[in-house]
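Let's take a friendly walk through this model, one region at a time. Have the structure open beside you as you read.

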Amino acid sequence: MTAQLILLYYKLDLKEIASLIESGANTSEVRKIYKAMRLTMKLRRKLKVSILSAFLNYALGPVSEVHAQLSSYLPQQDKYDTQVDVEMPATEAHSKHLVPELEIYCYLLVLIFLIDQKKYNEAKACSSKSIVSLKNMNNRTADVLASKLYFYYSLSYEFAGDFAEIRGNLLALYQIATVRHNKLSQETLINLLLRNYLHYNLYDQAEKFRSKAHCVDALSNQQLCRYLLYQGKIKTIQLDYTDAKDSLLQAVQKSPVTAVGFQIQCNKWAIIVQLLLGEIPERTVFTQKRMEKSLRPYFELTNAVRVGDLELLRTVAVKFSSTFSQDRTSNLIVRLRHNVIRTGLRNISTAYSRISLADIAKKLNLDSEHPVDDAENLVAKAIRDGAIDATIDHANRWLVSKATGDVYSTNEPQIAFNSRIAFCLNMHNEAVHALRFPQNLSNKQSVAT
């Protein structure tokens, strides 16, 4: 009896969600659709075949064509579900005129269940059929459901290993959403296309699409965070490290606290970008709650760059090669060799007033046929780039460091202070831009006066 009560409880919740969707569609209140989706996410882990079957009977009717299609995607009920199955209470008759939003929601609910059950082939078929039905709809209240449906449509094909098949469909759907000014669907489809391109390492095509895509005001914080992550990855590959760092750090700051996996991915790329910029991330980044184990390889990588030890860098790269390959950061770690050498030269220049190039080659662990000549070239490049303040005595093959001056007599404090001010101003402007106000506030004020 307890199991029957639990199933009945969840079915009543789905009935409440259906009422919210119908009410929101009839009154054009998008907030009710948002509320229905929030309630759905709370119930998704508790869904069973018996619950879905009863809800489809209630929402669509047992003789509906859509009901027959969706029921065909569901697996057979197991013995336990059959024993505890109960009917959806019908205290009041359901509307004979089915709103299109409720039909789309039924597709979405079944699709989420199939993905959670890892029935990816059935999920592909269900999502493709739902997209066909969705193309004929142009309601503002359906935009929220459409954006969710696009996301799971893409996710089902990605899990099935057929991600490239839907790229053309996603482009066509983005064109339709742009023409209809469905902003939430535009945001979602831009991110799905960027994810599709990056999945196959098509960074040039991703950047071309991103630069030409119609920018809209962020309606969803989740979509904004994903866009910033994808933009940061693209900028990193294209050597635009400054913009990449800004995008990745913004993604970390704006992401929800519960999105630990997303924050870990952003932090991994942000750490690499900071190292490529010659910066050392703060230690608190690696000691964050629930992230310490995942960021351990990048902590050891940061330590190798900090001390300027090429041999340690090679050891770390080999030790965590599988992790770096899975994170798709192996190519970026190869770029760190130059930064490690520059850091090592800076430490050597600070510690020694005069040192031979042969000793520099030994300290840097240069494994080449002519390490002294390579060390001379590296030192000359570091002096030209301003990394170290020294001169080369070519006759004696020495590096002669100049006396260290007072850093506060240079422009470095001013540059650091200016960057912090710019960061604070940018955050303030984004906070003001993200403020939301009630839609009918002006009407209420006019009535009050």
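## One face of helix 16

Helix 16 (residues 310–319) has L310, L313 and V316 as its buried residues, where buried means under 20% relative accessible area, exposed over 50% and partly exposed in between (1.4 Å probe, protein chains only). Helices here are DSSP runs of H or I with at least four residues, numbered from the N terminus. Looking down the axis of helix 16, you will find its buried residues within an arc of 120 degrees, so they line one face of the helix; the arc is that of the directions from the helix axis to the C-beta atoms. As background, an α-helix has 3.6 residues a turn, so residues three or four places apart point the same way.

## How the model was read

This is a predicted model: local features need pLDDT of at least 70, side-chain atom pairs count only at pLDDT 80 or more, and totals for chains, interfaces and linings use all residues. Residues are numbered from 1 along each chain as its sequence is written, and side-chain values use heavy atoms, with hydrogens and water left out.

## A buried lysine

Next, visit K245 in helix 13 (residues 241–254). With a relative accessible area of 19%, K245 is buried. Leaving aside residues up to four places away in sequence, K245 touches V273, Q274, L277 and E279, a contact being heavy atoms within 4.5 Å.

## Aromatic pairs

The whole structure holds 9 aromatic pairs. Rings of Phe, Tyr and Trp (its six-membered ring) pair if their centres lie within 6.5 Å; planes under 30 degrees apart count as stacked, over 60 as edge-to-face and the rest as tilted. F151 and Y152 make an edge-to-face pair, 5.1 Å centre to centre with 80 degrees between the planes. F151 is partly exposed at 24% relative accessible area, whereas Y152 is buried at 5%.

Y197 and F209 form a tilted pair, 6.3 Å centre to centre and 50 degrees between the planes. Y197 sits in helix 10 (residues 183–199) and F209 in helix 11 (residues 203–212), so this pair ties together parts that are 12 residues apart in sequence. Y197 is buried at 7% relative accessibility, and F209 is buried at 13%. Ring pairs also link Y174, Y197 and F209 into a cluster.

Note on methods:
Helix = DSSP H or I, 4+ residues; strand = E, 2+ residues; numbered from the N terminus.
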